[in-house]
Amino acid sequence: YIPLGHLHGGAQCPVLLRPSVVVRECVRGVSEEQEENILWLRLLRRRVAKAWKSFQTAAVASFTFVETAGLLFAGKIISDSLRLTRPVHDPNTDGMDEAVLPRLGPQIDPGLLADRIVGFALTERADMAEAVLRRITFTSCFARCVLMTGHGSTTVNNPYASSLDCAACGGYTGEANARVAAMVLNDAEVRAELRKRGIDIPDDTWFFGCLHDTTTDLVTIYDLDQAPETHREEIARIQGMLLAAGARTRRERAVKLGIDPNSDVDRQIFARSRDWSQVRPEWGNAGNAAFIAAPRQRTRDVDLGGRVFLHTYDLQEDPGFETLELVMTAPMVVATWLNLQYFGSTVNNRVFGSGNKVLHNVAGILGVLEGNGGDLQVGLPWQSVHDGNRFIHEPLRLNVLIEAPTEAMNAVIAKHEAVRQLVDNRWIHLFAMQDGRIAQRYRGNGTWESV
């Protein structure tokens with residue numbers, strides 16, 4: 001995904017995969033000339049800001065600058081310290097007018113950019129749409145409004161910001177993925193092609209690309225101006241439901257963050273997202289314990305404490321077990337990486353973590369040092385797994401529960417060496433479910449025992 005004004009972008013997928021298409025960001029509803037003017041103005045503002053920053057931090061100018069202009073920044077320093085404002089602009093949107101921001105979005109139509117093809121053709125879009133829907137066994141019973149929701153985090157002054165974004169999106173937020181998926185699924189030509197393949201999306205179904213901010217628990221719905229007028233009332237109702245759900249979730253999360261749930265929780269959590277001294281804006285995936293791939297009704301009424309990765313999987317919709325293979329080689333592996341990252345950072349933070357976040361110095365764009373020397377740090381800082389009094393993350397290896405036949409899982413294990421190493425060497429504990437109950441446990445070398 002190539003942001004506006006960039007020639008190169010980031011891979012919005014796990015490192016296991018290589019992106020097959022390139023999508024660029026554009027300004028909708030403007031001509032090519034108008035977009036060039038918007039881009040030129042943004043680049044000019046960024047260059048001026050960079051030159052000003054260089055002047056402020058220059059070896060000689062910095063001393064005279066502080067003496068002559070230091071007091072002019074008192075208001076900004078006070079508002080930043082009181083967590084009323086952000087110390088810096090969002091790097092994804094800095095230099096752009098507020099009126100432009102709502103019109104930014106992905107451009108999926110094929111075109112040329114820097115000698116590359118960006119976007120993808122109709123056949124590729126239909127293949128992608130079919131794969132998305134079949135892989136989550138969502139091929140019927142479509143509601144009028146469907147929210148395709150990625151996730152990301154809001155922090156400032158945080159070298160570990162990408163660790164709080166989406167691992168399945170390569171450490172970026174899931175906004176681009178969700179919006180591209182929604183655009184593809186709303187394409188009338190794509191829907192016509194899907195009907196030929198046995199997936200009939202009703203004409204009154206509309207997909208929305210969304211982003212869940214895991215720091216503030218706000219959900220942003222994008223491209224509302226593209227939605228049919230007939231859906232306005234439902235959208236307003238959904239937005240109200242999301243605000244209520246966010247408030248409840250913030251109150252639930254407040255306890256682990258050391259915030260009194262009877263105080264003004266919303267104000268304090270929003271302030272954490274703007275606080276340049278905050279070492280723990282949120283807990284991320286701390287506490288993760290299990291991965292469940294099964295029909296959603298198996299877990300719908302169970303309080304899992306926010307500790308479980310959930311993946312909808314229905315073996316009745318997967319006669320050839322192709323989706324099972326994908327589940328065990330992609331989302332299960334990514335969940336394992338996350339689990340082992342927290343596991344290592346907890347059991348031996350000195351070696352597998354990165355020590356005290358307060359002492360970190362950013363070394364170029366490579367990583368962080370603890371203090372002013374030593375090796376580059378790996379893993380998560382102490383503050384991501386410990387609250388100062390106790391461990392928040394319990395170091396245990398991921399429990400994987402899959403509702404599928406053991407023979408089918410054995411076939412995947414035998415076919416993929418990386419998966420076999422994980423399960424045979426007990427880096428994860430694999431269980432088979434039958435009719436919503438744990439039935440068997442994997443013991444290694446293709447053998448199972450009843451539970």
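**Notes on the predicted model**

1. Arginine 195 forms a salt bridge with aspartate 200, and the closest N and O atoms of the two are 2.8 Å apart. The model is a predicted one.

2. How many salt bridges does a search of the whole structure find? The search finds 26. One of them joins the side chains of arginine 179 and aspartate 223, at 2.7 Å from N to O. This pair links distant parts of the chain, 44 residues apart: arginine 179 belongs to helix 5 (residues 175-186), and aspartate 223 to the loop between strand 7 (218-221) and helix 7. Both arginine 179 and aspartate 223 are buried.

3. A salt bridge also connects arginine 307 and glutamate 394, with 3.3 Å between the closest N and O atoms. Here too the pair links distant parts of the chain, 87 residues apart. Arginine 307 sits in the loop between strand 8 (290-294) and strand 9 (308-312), and glutamate 394 in the loop between strand 11 (367-370) and strand 12 (398-402). Arginine 307 is partly exposed, at 27% relative accessibility, and glutamate 394 is partly exposed, at 43%.

4. A network of salt bridges links Asp127, Glu130, Arg134, Glu193, Lys196 and Arg197.

5. At what angle do the axes of helix 7 (residues 232-254) and helix 8 (residues 265-272) cross? The crossing is at roughly 80 degrees, and the axes come within 10 Å. Helix 7 is therefore roughly perpendicular to helix 8. Helix 7 contributes Ala247, Arg250, Arg251 and Ala254 to the contact, and helix 8 contributes Val265, Asp266, Ile269 and Phe270. By class, the contact comprises five nonpolar, three charged and no polar residues.

6. In soluble globular proteins, nonpolar side chains tend to be buried together. The largest nonpolar core in this model has 27 residues, of which Phe291, Met328, Ile402, Met409 and Leu430 touch the most other members. Elements giving two or more residues to this core include strand 8, helix 9 (322-329), helix 10 (331-347) and strand 13 (428-434). A second, separate core has 20 residues, among them Met148, Val184, Leu194 and Ile199.

7. Valine 219 lies in strand 7 and is partly exposed, at 27% relative accessibility. With neighbours within four places in sequence left aside, valine 219 is in contact with Thr149, Cys210, Leu211, His212 and Leu242. Valine 219 and serine 62 are 157 residues apart in sequence, and their C-alpha atoms are 41 Å apart in space.

8. Most residues other than glycine have a negative phi. Cysteine 141 has a positive phi, near 55 degrees. Cysteine 141 is in the loop between helix 4 (122-135) and strand 5 (145-152), and is exposed, with a relative accessible area of 76%. Aspartate 435 likewise has a positive phi, near 55 degrees. Aspartate 435 is placed in the loop between strand 13 and strand 14 (437-444) and counts as exposed, at 68% relative accessibility.

Key
Residues numbered from 1 in each chain as written. Predicted model: local features only at pLDDT ≥ 70, side-chain atom pairs only at ≥ 80, totals over all residues. Heavy atoms only, no water. Axes fitted to C-alpha atoms, helices over the stretch in contact; angles between N-to-C directions. Helix = DSSP H or I, 4+ residues; strand = E, 2+ residues; numbered from the N terminus. Parallel < 35°, antiparallel > 145°, perpendicular 65-115°, else oblique. Contact = heavy atoms within 4.5 Å. Nonpolar A, V, L, I, M, F, W, Y, C, P; charged D, E, K, R; others polar. Salt bridge = Lys/Arg side-chain N within 4 Å of Asp/Glu carboxyl O. Buried < 20%, exposed > 50% of the residue type's maximum accessible area, 1.4 Å probe, protein only. Core = buried A, V, L, I, M, F, W, Y, C linked by side-chain atoms within 4.5 Å.
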